[in-house]
Amino acid sequence: MLLKALLALCYILFFIFVPLYDKAYWPEPTKKSLTCKMIAATMFVGIGFIGMEITGNESYYANTMLIGLILGWIGDLFMHIPHPPNNPRMSVVYVGAASFLIGHIFYCMAFIKSTMLLTPDYKFFTLPEIIAFFVIFIAFSLMLEPVFKFKYANKFMKVTLHIYSILLIMMLIKSCAFGVAYFKNGAENGLAAMLILIIGAIFFFISDFTLGLRLIGGAKGNKAVKTVSLYAYFIAQLLLATSILFVQI
């Protein structure tokens, strides 16, 4: 009963502090916005951890997702705290970006390995997944500069962004594929798990894309884009944390 009350409290505090963070984070980050952000981030990590305790879920999926959530928390911290003065190249932002990147890898690992455990004749990429990947990747690659006005500081940034995009698209596809496989397998709460996974992955994609618009797409001063990016990210993390309550494999 206590754990369920704590879980409910995490959801309540999450929905209180995300809007407070959104309000405090405009036009520039502040100590208040950092506090609100980290409370909200702590709540999605708490939901994942408490969800494991309530359900007794000690599966590979749950443990790997929890690591991804923790890496997200670390990324949130380092992407927001002040940069070292007069030393932009060694900015703590890079630590945060690396943490998010590794977190995405852990999410992909959770989806891929869990699908392997669920489906004996698992293939790393099915034909529909390959088609979906190339359609999404090529479509967005062609539109980044002429449509969304992405401007890269150098070739390294361009290559890095495309590598990150590959990982993000893979996460989207593998999350959806695992959700569908979990539902088709007739697992308990399969429909809820499938919807949570698919919607969570879509929101993560929206979050990272709109973040790109803000950072190098000329939309840094656009309040609407910032708000969409912020809410999409936190909803994505919330849903992925919640999936631990429903997915046990």
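Trainee: Why is the pair formed by D22 and K223 called a salt bridge?

Mentor: The closest N and O atoms of D22 and K223 are 3.5 Å apart. The term requires a side-chain nitrogen of Lys or Arg within 4 Å of a carboxyl oxygen of Asp or Glu, and therefore this pair qualifies. D22 belongs to helix α1 (residues 2-24) and K223 to helix α8 (residues 223-242), so the bridge ties together parts 201 residues apart in sequence. Helices here are DSSP runs of H or I with at least four residues, numbered from the N terminus.

Trainee: On what basis are such values given?

Mentor: This is a predicted model, in which local features need pLDDT of at least 70 and side-chain atom pairs count only at pLDDT 80 or more, while totals for chains, interfaces and linings use all residues. Residues are numbered from 1 along each chain as its sequence is written, and side-chain values use heavy atoms, with hydrogens and water left out.

Trainee: What makes D22 buried or exposed?

Mentor: Buried means under 20% relative accessible area, exposed over 50%, and partly exposed in between, with a 1.4 Å probe and protein chains only. D22 has 9% relative accessibility and therefore counts as buried.

Trainee: How many salt bridges does the whole structure hold?

Mentor: The search finds three. K37 pairs with D76, the closest N and O atoms being 3.9 Å apart. That pair links helix α2 to helix α3 (residues 60-80), across 39 residues. K37 and D76 are both buried. K174 meets E129 at 2.8 Å, N to O. Here helix α6 is linked to helix α5, with the two residues 45 apart. Both K174 and E129 are buried.

Trainee: How do you know whether S33 is buried or exposed, and which residues does S33 contact?

Mentor: S33, in helix α2 (residues 31-55), has 0% relative accessibility and therefore counts as buried. Contact means heavy atoms within 4.5 Å. Leaving aside neighbours within four places in sequence, S33 contacts Y21, A24, Y25 and H80. A polar atom of the S33 side chain also lies 2.8 Å from the backbone nitrogen of T30.

Trainee: Why is a space called a cavity rather than a pocket?

Mentor: On a 1 Å grid over the protein atoms alone, a cavity is a set of points where a 1.4 Å probe fits but cannot get out, whereas a pocket is an open set with protein on both sides within 12 Å along at least five of seven lines; lining residues have an atom within 4 Å of a point. One cavity of 30 Å³ or more is present. The largest cavity has a volume of about 40 Å³, a volume being the space filled by probe spheres set on the points, which are joined across faces, edges and corners. Five of its lining residues come from α4.

Trainee: What surrounds the second largest pocket?

Mentor: Its lining has 16 residues, of which T115, T126, E129, A177 and A181 lie nearest the centre. α5 (127-144) and α6 (155-184) each give two or more residues, and α6 gives the most, seven. The pocket has a volume of about 340 Å³.

Methods
A polar contact is a pair of N or O atoms within 3.5 Å; within protein, one must be able to donate a hydrogen and the other to accept it, and residues adjacent in sequence count only if both atoms are side-chain atoms.
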